[in-house]
Amino acid sequence: MQFKSTDIGIAHKLDKQDELAPFRNEFVINEPDVIYLNGNSLGRLPKHTVDLMQNVIKHEWGERLVRSWNEEWINLPTQLGAKIAKLIGARHDEVLVTDATSINLFKCALAALHARKDRLKIVSDIFNFPSDMYILQGIIDLLGKRHQLELIPSADNTTIASSDIASTIDNKTALVCLTHVAFKSSFMYDMVSVTEMAHKAGALMLWDLSHSVGAVPVDLNSCNVDLAVGSTYKYLNGGPGAPAFLYVRRELQEKLNQPIRGWFGSKEPFAFEKKFTPASGISRFKIGTPPILSMKALEPAIDLIIKAKMERLRAKSILQTEYLIYLAKQWLIPLDFTIKSPLKPESRGSHVSLSHPEAYRINRALIDSPPPAIKVITDFREPDNIRLGVAPIYTTFTEIYKALNRMKTVVEEKIYKQYSTDKPAVT
Ligand SMILES: *Cc1c(COP(=O)(O)O)cnc(C)c1O
């Protein structure tokens, strides 16, 4: 869509035409003067989660106590996995909700390397999420430092060229491990073609979907993806530290053994056998007792995304990020900002990164300005990026308008100069 005016009337009109607009009312939103563009880091709280958790704590925990394991809890990891499967194009028995994304990546990557013992190369990319890199580095140490991690380069630090992917993956590659939508630039890989490149070379393909699930449609089965992991507290709105998920292609499940053997991943946890026998199917990727309170909070959140439908969410997200980029071009580029995300929507996730030499202080001014100024919650990523996360299930066009307009004011009027460059623990 071509935008032709920076008049706020356009934003109002787009909100009026938005068929997903009623979903915003499903979330707790109590501060009208706070614009939240950080759903890519921690999604908003669904109203239904508040009521549900009251019951989980008072009734399921408080009254039913240990009986709730059989009544409500024991199958949650696979039940919720089956729901997430609908969002990522997987079969119901291929997804498990468990552990943190980093731990799932460890389990999946190590299982994959064991299955490709004759090969010693792991491929990732130069701007992958640091935790993913640390996990891979740790695995290499653990396996006796025999493997090499080769990173696909990026000429502009924003996108990855197809030719560079092709020349990095070769017939020595055991595993290709990439994040589908990059945490900083929002660059999105073509999952079909990259997975095919990995398979042609004889490697296994592991995708991290942390910035994809709930933000962009993913079809793991049609791409024949082997393994995937992802977070649930970002666009899925599962809550702080909500357990992550993992996916293992059905045909591979019995061939892979994950390295952390715990009783929940054994065939019969309550037989208390001395020797470990892995559970069949996806359950062998479990480790220990699941965090039930966090799991329970996830369900209403996933249900909302399923109800809103990924295709509709994606269409709205594209329109919103296009609108954001249009306003940035009109207002912010003249003020020394640079767009650090792909301009083509098919190569972009649901957030947009803008860089500026004073990005850190601008970000602080956006978040901390006292009334009557509005507050805009974005986040800062080193060295000079401000990330603007669009969560189409609750973000409005008017919010995007007001946020970009506020950024313009903060820089034009040099409001950011009142803020310190000291950084808190979480930026
Ligand atoms: C958010 C994110 C994670 C988070 O990992 P946790 O172990 O759940 O904290 C991992 N990888 C990527 C790409 C992410 O964006």
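In helix α13, the buried residues are A359, Y360, R361, I362, N363, R364, A365, L366 and I367. Buried here means under 20% relative accessible area, exposed means over 50%, and partly exposed is in between, with a 1.4 Å probe and protein chains only. Before I go on, this is a predicted model: local features need pLDDT of at least 70, side-chain atom pairs count only at pLDDT 80 or more, and totals for chains, interfaces and linings use all residues. Residues are numbered from 1 along each chain as its sequence is written, and side-chain values use heavy atoms, with hydrogens and water left out.

Back to the helix. α13 covers residues 359-368, and nine of its ten residues are buried. Helices (H or I, at least four residues) and strands (E, at least two) are DSSP runs, numbered from the N terminus. What do the buried residues of α13 pack against? They pack against β11 (375-377), β12 (379-381), β13 and α14 (397-412). Contact means heavy atoms within 4.5 Å.

Two cis peptide bonds come next. One runs from P371 to P372, with omega near 10°, and P372 sits in the loop between α13 and β11. Another joins E382 and P383, with omega about -5°. P383 is in the loop between β12 and β13.

Now the domains. The assignment for the protein chain gives domain 1 as 8-45 + 309-418 and domain 2 as 72-307. Such bounds come from an automatic or database domain assignment. Taken over C-alpha atoms, the centres of domain 1 and domain 2 are 29 Å apart. The contact takes 34 residues from domain 1 and 26 residues from domain 2.

The size of an interface is often given as the accessible area lost when the parts come together. Here domain 1 and domain 2 bury about 2,400 Å² between them, with 60% of it on carbon and sulfur atoms. That area is what the two parts lose on being put together, with a 1.4 Å probe, summed over both. Which residues of domain 1 lose the most area to domain 2? They are N40, M310 and H351, together 21% of what that side buries.

On the side of domain 1 that touches domain 2, α12 (310-332), β10 (351-355) and β13 (385-389) each supply at least two residues. The largest share, five residues, comes from α12.

S186 is not a glycine, yet has a positive phi of about 75°. S186 lies in the loop between β5 (173-179) and α8 (191-200), and it counts as buried because its relative accessibility is 0%. K414, also not a glycine, has a positive phi of about 55° and lies in the segment after α14. Is K414 buried or partly exposed? Its relative accessibility is 45%, so K414 counts as partly exposed.

T98 is in the loop between β2 (95-97) and α5 (101-115). At 8% relative accessibility, T98 counts as buried. The T98 side chain makes a polar contact with the D99 side chain, at 2.8 Å.

Methods:
A polar contact is a pair of N or O atoms within 3.5 Å; within protein, one must be able to donate a hydrogen and the other to accept it, and residues adjacent in sequence count only if both atoms are side-chain atoms.
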